[in-house]
Amino acid sequence: MATRSDRKQVRRSGAVLHDSFLRHRNWRWAKIASLLCLVLILIYAFDNPIPRPEGDTVYGYTLGTIGFGLILWLTALGIRKRRMSPGVWSLKAWTSAHVWLGLSLVVIGTLHTGFHFGWNVHTLAYALMMLVILSGLFGVAVYASLPSRLSENRGELTETQMLEGLRAIDRQLHSAAQPLNARAAGVIQASLDEDAFGGGLRARLRSGKLDNATTRAEHDLRTMAGEIPADALARLLSLLSQKHGLVAQLQRHLRLRAILEIWLYVHVPSTIALIAALIAHVVSVFFYW
Amino acid sequence: MHRVAIIGSGPAGLSAAAHAAALGLDHVLIEKTDHLSDTIYKYQKGKHVMATPAQLVLRSDLDFAAGKREVILGAWNEGTEGHKVNVLMEAEVVAVTGQAGDFTISIKGKPDVKAETIVLGIGTQGNPNRMRCPVDDNATVQYTLDDPAEYIDEHITVIGGGDAGIENALGLIADPEQRNTVTLVNIGADFPTAKDANVKLLMAAEAEGRMTVMRETNTAAIGADTITFDARDGSVTVPCNRTIARIGSAPPRAFVEACCASFEDKDGRKSVVPGTGVQFASADRISYPKLTPTFESTVPGIFVIGALAGYPLIKHCMNQGYDVIEFIAGNTALKPADEPILEQKFSGLPRGLARTDDVTGWLDYLREHVEILHDLSPLQMREFMLDSEIAAFAAGETIFRRNDPGSSLFAVAAGAVAVEVAPGTDVMIGESSIFGEVGLISGRRRGSTVRAAKPCVLLEIPRSAALKLMSQVPAVKRTIIRISTERQLLQMFGSGLTPADLADVMTHSEIKQIKAGEAILVEGDEGRDIYVVRSGSMIVEKKVGGKPIFLSYLPAGSYVGEMALIDGGTRTATVRAAIRSEVLRIDGDAFAALLQKHPALLERATRDMAARRQVNGFIEDRKADFGGAVDMYSSVANFLIENGIGEATDVLLIDEKLCVGCDNCEKACADSHEGLSRLDREAGRTYAHLHVPTSCRHCEHPHCMADCPPNAIHRGPDGEVFVDDSCIGCGNCARNCPYGVIRLDKVPPKKPGLLSWLLFGRGPGPGEPSHKWSHDNMPAGVEKPKKAIKCDMCSGIDGGPACVRACPTGAAIRVAPEEFLTVARLGAER
C-alpha cells in the first residue's frame, strides 16, 4: 500500500548516507595511494642506477620532487579547513586524500633515501617526516575510536550544560551547607573552592578513579554523621554524589577531547620543522651538486 | 458629544487622534493604561523598532522612522502634545452602545463618553485575565512586570505557570542582592504550556531553594500584605507585598462583537444576536471584522483600524489612522497610501482588458474574472493585492517547472495555461481558475511544469496571503479545496483520468485531520478505504515478532490502502501520522468502481503494490538474517520521526561515530553567513550515535512562517526556508519554532582575513566571534538591530551547505527524510 506518487526529488549532490573519510567514495584515495606506492616500488625494483640507488639519480630526484610537492600540498589542508570559500569542495575528500597520500609518503620518502641514513640534515628531514606521519596515524586511530565514546559519555548534554550543571550543584551545596558547624562546612567549602579541572596536561589526560575535594567531602561527611541533622546530611550527600558523577563525566569528556586534539600539537609543529628541514635538505643538495 | 472617539492609543489610534486634532475635529482619545501606545511601550528597553514596508510612504501627523523604542515613543508623546490631542488616560472601556451619531462609551470607574463616531484601534493583544478571588483594596496586584530589578526586599507571589509567569519569577530571583522572596503558584501539578527550558530553570531554582513553587494551588484571597491559597493540603496564608498575575489574556474579539449588539439568552448564557454588533468574517481564529473600503464595520459609525483590522505593521496602522479621520471628515475621495504601490503593480499589464486601466478598474476586473475572488470586499482586494503580484506572459513562456520549489497560488485572470501532467500530455486551465494549489497545501515542490498556452495575465498569490484569504472568505476555502483535491488525485493516479471520471469518487470522499501518532490503518483490521496524504506525513509499520518494525515513510502526496482493496483481505500494515496531518479518505467501493472502469489505473495500482510487497519481503528476509539490524533501523527511524524529521524537508544529521567535535561545521556556517552560526552542533537529541543538532529542518509547514508581521520568511529556490531583510526582529519566529533553531542577534563587524589571523594572529580567527570581540570592534556610531538568524541551506552559495562541505570526517550530512528513511538504508548499513 505504501506507494508514493510519481515524484522524484532533485538532490543537490553528495552521499545520502554517512560515510567516513577513510572510506570516502569507496576507498578512492586508499586505492590511488596504494597504486602509487605499488608503481613506485616496482620502478625502484627494476631500476638499476649506477653506482647505487640514491637521491641524486634521475628516479631519486623524481621521488624527491613528488615527495616535496606532496608535503606542501598536504600542509595546505590546514588552510583549506579554515577557508570557507564557496565552491564545490569537500573537506572530507581532502582529509581522505590527506590521510592516504600522507601514508604513501612512507614509501616515497624511504625509496627516495635509497636506504642511506646518517647523522645529517637529510636524515633529519626523513625522521621529521616519519614523526609527522606517526602522529598523523595516531590521529587517525583516535578519530576512528574515540568519537563514539565521546558521544556516549556526554549523552545529550553539551559541555556548557555540564559546566552550568556543576555551578548549579555548587550553589545548592552552598545553601545546603549553611546550617553546618565549622568543621563540616569547611569540608564542603573545600569542594566548592576546588578547581576540579586544573592541574595541567597530565591531570587532563589521566583517567581512573576520582580523588578530589568532592570525593573526600563525601567520605568525611559520613564520618561526621552524628554532628549533622539527618535530613541535611542526606541532602548534602546526594548533592555531593551528583557533583561527583558530573565531575567524572566532565573529566572524561575533557580527556577525550584533549586526546582528539593533542596529537595536532605534535603533528603541526613537526610539519613546520619538516618543511624547514626539507628546505635545508634541498638547498644543501643543490649547493654540493 | 464628541465628533469622534478613538479607543486605543497604539500607532493607529494615536495617528488618528493626531490627525483629528490637526483638522480641528472635536475628538477624544481613550487609553486603558497611564501611557500612550502600550504595546510599543512594553517592548524591551532600547529595542530597535523597524519601519517596514520600506516602499510604503508614511501619511500621518506624527513622525515615525526606524529607531530605538524610546526615540519613537518620545516623538509620539511630543507630537501628541504638540497637536493638543485630547487624551483620556486610565480609561478602560467596558461597553459601547447606541448608534451612529449617538454612541455611549461606558468606562470603568469614570463617567460615560458620548460620541457621534467611534474608531476602534485596540489591537489584538487583548486584556490580561484578572484575578477572580477577593482582593483587598490596599493589595498590590499587577498584570505585567516591566523591570524585575525594580523590586527589593519584597515578598512577591507570581500566579500562573505559563512562560510569562515563569520568566517573571526567574527574573525576580535573578539577582540575590534584591533579597526578594518569590513564590510561584500553579493551578496544576505540571507546567504543560511552558517551554521546556523554562520549566527546567524553574525546577533548578526550586531545588536550590531560591524560589518556592506551589503546585495544584488556587488563590483564595489577596490581602494587603498576605495572600491565602487553597492548596492540596488545605488553606495556607503567606506574607505577600506584591502579586503578579500572569494568567493569560482574553482576545478582544468578544468585546468587539458586543459593541452595539443586541443580546439574547442562549443555554443560560448571554450571547450576541446573530447579525447585530460588529461582525467578523468567519469563526476562524485569525479572522478580522468585516469592513468597508473606508474601514467602517457592520455597525455604521464604528470604524476599525490597525492590527484588529488585520494590519500588524506600524506604518500601515499610522496611515489608516490618518485615512479613517479623512473619511469621517467627509473626504471619501481620498486614495489610500498604498495607491502608488498598486499602480506600480498594474502598470505593465496589457491595456483594454479592464474597464479602466487604473487601480480601481483592475481590482474590479480581477474580482469579476477570478472565481476565488468573487466574494471579496474592495478593502480585502486591496490588501491582498499588496501581497500579490500580477504579470502578463507571452504564449509558450514557462511559468514554473516540475520540481521547482514554490508555494504560491496562481490565478488565471486572462488567457489560459497548459499543465504538463505527463511528457507530451497537457491539461488546459482557463480563465478564472487557479493552479499551483498543491504547494499551498503541502509546501512541497511543484508537481508539473506549467506554460502559458496563449497570452495570459496571471495573478501570483503568496502562500501566506492565500491562507489568510481562505480563512477570511469561506467560499475561497471551499473552491480551493475542491479544485486541489481533484487535481491531486488526477496527478497522483495519472493513467489518463479526467475530472469527470473522478466525480463519483469525489462525492464519496472526505477530508480528515489526523493527530500525530493516530493510526488511519491498523494491521489486521477490515477495511477497503483508500487514504491520500494531503499534508503532513505518515509512517508505515508492520508487526514482526510482536514488535512494530518501521517499513517506510509516506510524504504528502502519497496514497495508501490499495492492497486490501485490490487483493481483498485485511490491512497488512499499520499506518499512523508522524505529525499532524490531513488525509483524504476515499470510499473503497467508489474507488473499486473507478478501477474497474479504468484498466490502466488498475494496472498502475497493481504495479505500485508489487513494489510495496517487495519492501515487505525484504524486511522479512533481513529479519531472519540479522534481526538486530532491522530493530536498530526501526528504532532509529522512530527516534527521527519523534524529533520532527517527519515534517522536515531537509535536515542536518551527525553520525557521532565520526564526529570529533571540532565544530568546523559551526565555524563554516558562521564564516559563510555574516559571522553568525545558524547551528549548534552539540545541542540536540542523540540516539544510537545519530545526532540531530539544533539546526533548521526546513519544515514542510514552517511553524516560523505562521506569525511574521512583515511576512519576511519565505521558501526559497532550493526549498530552503529563509528570513529576508525586512525582518523587524520581533522574535515571533524564534518563539514559534518547536526546535529552537532560530535566534536573534546582531551582525558582528567584519573580521580580518584568514591569512592575517594565521600568520599574525589578527582578529578572532575562523568561526563566530565572541560577543566581546564584536562589541569592542563595532565601528563607533553604528547601531545594528537584532535580526532573526536561521539556516538558509547556504542558498546562493556555490557548492551547497557549508556545514557539510566543511566536515573533515564525513560525520555531517543533509538529507530529505524520505531518502534517509528507506529500507534501502538497511542494505547499505556498515
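A residue is called buried when its relative accessible area is under 20%, exposed when it is over 50%, and partly exposed in between. A:Phe117 has a relative accessible area of 46%, so this residue is partly exposed. The model described here is predicted.

A:Phe117 has an aromatic partner in A:Tyr126, and the pair is tilted, with 5.1 Å centre to centre and 45° between the planes.

Over all chains, the count of aromatic pairs comes to 15. Another of them joins A:Phe21 and A:Tyr143: the ring centres are 6.3 Å apart and the planes stand at 90°, so the pair is edge-to-face. The two residues come from distant parts of the chain, 122 residues apart. A:Phe21 sits in the loop between strand S1 (3-4) and helix H1 (24-46) of chain A, while A:Tyr143 belongs to helix H5 (residues 121-154) of chain A. A:Phe21 counts as buried because its relative accessibility is 6%, and A:Tyr143, at 16%, is buried too. Ring pairs also bring in A:Trp263, which forms a cluster with A:Phe21 and A:Tyr143.

Rings also take part in contacts with charged groups. In chain A, the charged end of A:Arg80 sits over the ring of A:Trp89, 3.7 Å from the ring centre. In chain B, the ring of B:Tyr739 has the charged end of B:Arg697 over it, at 4.1 Å from its centre.

Chain B is divided into domain 1 (2-126 + 251-328), domain 2 (141-248), domain 3 (339-482), domain 4 (502-625) and domain 5 (640-747 + 784-828). Between domain 2 and domain 5 of chain B, the C-alpha centres are 36 Å apart.

A:Ile79, B:Leu755, B:Leu758, B:Leu759 and B:Phe760 make a nonpolar surface patch of about 500 Å². The element that gives the most to this patch is helix H21 (residues 754-760) of chain B, with four residues. B:Phe760 lies in that helix, H21 of chain B. Its relative accessible area is 62%, over the 50% limit, so B:Phe760 is exposed.

Terms used. Residues numbered from 1 in each chain as written. Chains lettered and ligands numbered in written order. Predicted model: local features only at pLDDT ≥ 70, side-chain atom pairs only at ≥ 80, totals over all residues. Heavy atoms only, no water. Phe/Tyr/Trp six-rings, centres within 6.5 Å; stacked < 30°, edge-to-face > 60°. Buried < 20%, exposed > 50% of the residue type's maximum accessible area, 1.4 Å probe, protein only. Lys NZ or Arg CZ within 6 Å of the ring centre and 35° of its normal. Domains from an automatic or database assignment. Patch = residues over 30% accessible without salt bridge, like charges linked within 9 Å, V, L, I, M, F, W, Y side chains within 5 Å. Areas by Shrake-Rupley, 256 points an atom, 1.4 Å probe, with all protein chains shown as cover. Salt bridge = Lys/Arg side-chain N within 4 Å of Asp/Glu carboxyl O.
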